[in-house]
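Student: I have a structure to look at and some questions about it. Can we go through them one at a time?

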Amino acid sequence: MKILITGGAGFIGSHVVRRFVFNYPDYQIYNLDALTYAGNLENLRDVEGEANYNFIKGNINHADFIKELFGIHRFAGVIHLAAESHVDRSINEPLEFARTNILGTMNLLNEFKRLWSSNWEGKKFYHISTDEVYGSLGSTGFFTEESPYEPNSPYSASKAASDHFVRAYGETYGLPYVISNCSNNYGPNHFPEKLIPLFINNIINNKPLPVYGDGNYTRDWLYVEDHARAIDFVFHKGGCMETYNIGGFNEWKNIDLVMELCSQMDNKLGRAKGSSEKLITFVKDRPGHDLRYAIDATKINEELGWSPSVTFEEGLSKTIDWYLENTDWLAHVTSGEYTKYYKKQYHS
Ligand code: NAD
Ligand code: DAU
């Protein structure tokens, strides 16, 4: 069986590719990735020699290319992760997010439909989405699969639109889809534009830690390998035309998380207690900043038997160790374009 994984050179995608290549030797895995600033084949060095792994450099926005690719390989399953994924970038470049996240997704849906609409038997289109489509929670409550969509950023609006198109292709053409909406991931290979890897990198380099607003925003953090395992469960055992919420049962206010990170980093770097904390700088808030995300993951837990296996303290410690051991990876991804982005975003 040929499975297409899009965005497999990115953060979450690389963990999904690794899991599928090693756990399912009978599948031929095709990783399609445009290698944008966020895509990095160094994330998959241990996988690239495997007989059931294939890399294709290409852009999901190019409809003719996608048509040709599906015609050649006739993928029976698609796990679609390719996306523009950073909220701050979406505020500056909303159109780029519409192109990849909405139109790119539609190109994949169209070719999957063209191939299989006469017989959907044994086929599955799995769309990876985010809890941000539900908007923001107040200080209580959880997102469930029934929560209304209320996206607040161009990123989450583009992901919400793509979810709607996937669902609409299911309703209109019978396309067998499954969608999952996950909370904030963290772990190895996370691009250092997102909170945790950005702050790890800045602590290493003794640079300010730019906390947006008052830091009292809450996110529900999940270790990336637990997300990859959830994706495996949903792909293999999830119902057709179903949605699953995936979360860490692990809420942290940003400022508390940053304090925990500073404390672990001081320990690991052998620096005096409290030294990283001094780098915290409160900066201008993100426009449209969602106050709180928290996932009710009861459905995936009860129906598919999934729950997170890594505690936050353990996951954060493993993550920091990975960055400290992979300074070459950090150096490569923070050279060039990253410096320009950093200057524009943080005026420093
Ligand atoms: P990422 O930015 O690290 O990786 C995205 C990958 O997609 C990169 O390898 C990039 O090169 C590729 N890509 C981008 N545009 C492309 C295009 N036009 N054609 C082909 N490839 C393209 O993202 P991530 O954090 O790994 O997120 C992966 C998916 O999971 C996204 O769909 C995101 O919305 C979703 N998600 C992320 C999180 C999170 O916390 N990171 C949580 C929930 C859901
Ligand atoms: O909830 C799932 C989503 O989580 C994914 O869909 C997105 O792809 C992913 O980027 C992430 O979105 P967030 O906006 O929550 O993640 P980010 O790491 O950018 O920010 C986490 C919190 O930290 C948020 O409240 C903003 C804050 N923050 C972030 C940065 C980059 C800061 O205070 N300072 C910063 O410099």
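Tutor: The buried residues of helix 5 are Y155, S156, S158, K159, A160, A161, S162, D163, V166, Y169 and G170. Keep in mind that this is a predicted model.

Student: What covers the buried residues of helix 5?

Tutor: Contact here means heavy atoms within 4.5 Å. The cover of these buried residues includes helix 3 (87-92), helix 4 (94-116), strand 5 and strand 6 (177-182).

Student: How far apart are the end C-alpha atoms of helix 5, and what span should its 20 residues have?

Tutor: The expected span is 1.5 Å times one less than the number of residues. For the 20 residues of helix 5 that gives 28 Å, which agrees with the distance between its end C-alpha atoms, 28 Å.

Student: Which residues come nearest to ligand 1?

Tutor: There are 29 residues around ligand 1. By class, this shell has 13 nonpolar, 14 polar and two charged residues. Those that come nearest are I12, D33, S85, Y155 and K159.

Student: Which residue has a polar side-chain atom 2.5 Å from an oxygen atom of ligand 1?

Tutor: A polar contact is a pair of N or O atoms within 3.5 Å. A nitrogen atom of ligand 1 lies 2.8 Å from an N or O atom in the side chain of N59, and an oxygen atom of the ligand lies 2.9 Å from a polar backbone atom of N185. The side chain with a polar atom 2.5 Å from a ligand oxygen belongs to D33.

Student: How much of ligand 1 does the protein bury?

Tutor: Taken alone, ligand 1 exposes 840 Å². Of that area, the protein buries 96%.

Note on methods
Residues are numbered from 1 along each chain as its sequence is written. Chains are lettered from A and ligands numbered from 1 in the order in which they are written. This is a predicted model: local features need pLDDT of at least 70, side-chain atom pairs count only at pLDDT 80 or more; totals for chains, interfaces and linings use all residues. Side-chain values use heavy atoms; hydrogens and water are left out. A residue is near a molecule or strand if one of its heavy atoms lies within 4 Å of it. A polar contact is a pair of N or O atoms within 3.5 Å; within protein, one must be able to donate a hydrogen and the other to accept it, and residues adjacent in sequence count only if both atoms are side-chain atoms. Accessible areas come from the Shrake-Rupley method with a 1.4 Å probe; for residues, only the protein chains shown count as cover. Ala, Val, Leu, Ile, Met, Phe, Trp, Tyr, Cys and Pro count as nonpolar, Asp, Glu, Lys and Arg as charged, and the others, Gly among them, as polar. Helices (H or I, at least four residues) and strands (E, at least two) are DSSP runs, numbered from the N terminus. Buried means under 20% relative accessible area, exposed over 50%, partly exposed in between (1.4 Å probe, protein chains only).
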